[in-house]
Amino acid sequence: MMRRVTIRNFLLIIVLAVAFGLGMRMWTHRPEPVSEPPVDSLPANTDLALQDIQYTETSDGLRRWMLTAKSAAYDDQQSKSTVQDMRVEFFDKQGRVQMTLTSREGVWFSETGEIEARGNVVVKTTEGYTVYTERLRYRSRADEVSTDLPVRVESVNMRLSARGMHYRVKERLLTLDSQVKASLPAGIGN
């Protein structure tokens, strides 16, 4: 009888040793859990989100404008990107910066090439003019910047305010729509 108990105990020890060995093998070779980086909550209908972006629009091999932004959320269904902390540089035919637009946020419509800037919009030209407004739209096909909101235009020698404006980029032609007021330093026009 003693012999059976010993064989039974021996078999039990072997089974436990094999089970322990298999358990240790599985535990030491288990895959490490993949930790995903934290993702900020994305706006609804966002198909792609990017940080620190730069996009350059070209035509016939020449840069027309370059958009940089802190972040962008792209909606494929509407073919538009909502961007934060936007900066757009417009170039002349020689590739030099002609004017720079900055705003808190904006929308870039990729199919039409149009850009809408919103919130603390500031446009600075190389001629020394600065335009201030709350919303501005750039229409790529017309190469025109416009708004229907109040606008202020300043330079060293003048200050203009109006409601609405159109600026044709290539021609460098500014048209103020209505309620135009001008402030000139004393002595101009004598």
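In the predicted model, strand β6, spanning residues 130–139, and strand β7, spanning residues 144–155, pair in the antiparallel sense over six bridges. Within this pairing, Thr130 stands opposite Glu154 of β7. The two strands belong to an open sheet of nine strands, in which the order is β1-β2-β3-β4-β5-β6-β7-β8-β9 and the pairing is antiparallel. The edges of the sheet are formed by β1 (48–59) and β9 (173–183), each of which pairs on one side only. On average, and with direction ignored, neighbouring strands of this sheet are turned by 25° against each other.

Confidence in the prediction was considered alongside this arrangement. The mean pLDDT of the chain is 83, and 85% of the residues score at least 70. Among the elements of the chain, β6 has the highest mean pLDDT, at 94, whereas the lowest, 71, belongs to helix α1, which comprises residues 2–28. Where pLDDT is low, the predicted coordinates should not be read in detail.

Attention then turns to Glu144, a residue of strand β7. Glu144 has a relative accessibility of 11% and therefore counts as buried, the cut-off for this class being under 20%. When residues up to four places away in sequence are not counted, Glu144 touches Arg137, Tyr138 and Arg139, and also His166, Tyr167 and Arg168. Glu144 and Arg172 are 28 residues apart in sequence, while their C-alpha atoms are 9.5 Å apart in space.

Asp60, although it is not a glycine, has a positive phi of about 55°, and Asp60 is located in the loop between β1 and β2, the latter strand covering residues 62–75. Asn120, however, is found in a strand, namely β5, which consists of residues 114–125. The relative accessible area of Asn120 is 46%, so that this residue is classed as partly exposed.

Methods
Residues numbered from 1 in each chain as written. Predicted model: local features only at pLDDT ≥ 70, side-chain atom pairs only at ≥ 80, totals over all residues. Heavy atoms only, no water. Pairing = 2+ DSSP bridges. Helix = DSSP H or I, 4+ residues; strand = E, 2+ residues; numbered from the N terminus. Axes fitted to C-alpha atoms, helices over the stretch in contact; angles between N-to-C directions. Buried < 20%, exposed > 50% of the residue type's maximum accessible area, 1.4 Å probe, protein only. Contact = heavy atoms within 4.5 Å. pLDDT = per-residue confidence, 0-100.
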